[in-house]
Amino acid sequence: MHYKKQNILKGAIIYSAGDTIAALLLDEFSVTRLLGMVLVGATVYAFEIPNYFDWIVKKTQFLKGLKSTLAKTALAILYFNPLWIARHLLFIKLFSGQFEAIGWNLLVIAFWSFLANIFISFIANYIIQNRFKLKWRFLGSAIFSALMAIYYALSETLFG
């Protein structure tokens, strides 16, 4: 199990930075949202993602060539699925104090958001899973996710 100090710091800083940019663009910045995303990045994401990436390596270790490449990419995309996006949107709503905005609509937004970015997500996850060493995958994924956090926050405006 991976839950290391470096991942905790990276998760706290990178995920909250991406969300803060999104919040500023939408004029929705709040200190509680910032602190909440620091907490989620340092706990949930810093624990889940490196362990899932380690699982991907173990699950695909006997595959070779194109099969290995596609399997790693697909497994990463399956992790960052509409439910993951909806959970991220839920965190945003919770930490922003927008409890009335929490509902099934977050799943709809997450679904369309996922479909709209599947091509970009495929390319990014291909690079992260197949070109980065395992120890750098969480950082690469965190940076990509921070960029996507901007998109997810904006997706509510686009798909809501």
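The model is predicted, so local features are reported only at pLDDT of at least 70 and side-chain atom pairs only at pLDDT 80 or more, while totals for chains, interfaces and linings use all residues. Residues are numbered from 1 along each chain as its sequence is written, and side-chain values use heavy atoms, with hydrogens and water left out.

**First selection: Tyr 3 and Phe 47**

A search of the whole structure gives 12 aromatic pairs, a pair being two rings of Phe, Tyr or Trp (its six-membered ring) with centres within 6.5 Å, called stacked when the planes are under 30 degrees apart, edge-to-face when over 60 and tilted otherwise. Tyr 3 and Phe 47 make one that is edge-to-face, at 6.0 Å centre to centre and with 70° between the planes. Because Tyr 3 lies in the segment before α1 (5–25) and Phe 47 in helix α2 (residues 31–60), this pair ties together parts that are 44 residues apart in sequence; helices here are DSSP runs (H or I, at least four residues), numbered from the N terminus. Tyr 3 is partly exposed at 40% relative accessibility, and Phe 47 is also partly exposed, at 33%, where buried means under 20% relative accessible area, exposed over 50% and partly exposed in between (1.4 Å probe, protein chains only).

Leaving aside neighbours within four places in sequence, Ile 49 is in contact (heavy atoms within 4.5 Å) with Tyr 15, Tyr 79, Phe 80, Phe 138 and Ser 141.

Now select Phe 80, Trp 84, Phe 114, Asn 117, Ser 121, Asn 125, Phe 144, Ser 145, Met 148 and Tyr 152, which line the largest cavity. A cavity is a set of points on a 1 Å grid over the protein atoms alone where a 1.4 Å probe fits but cannot get out, and lining residues have an atom within 4 Å of a point. The largest share of this lining, four residues, comes from α7.

Terms used. Helix = DSSP H or I, 4+ residues; strand = E, 2+ residues; numbered from the N terminus. 1 Å grid on protein atoms, 1.4 Å probe; cavity = no way out; pocket = protein on both sides within 12 Å on 5 of 7 lines; lining within 4 Å.
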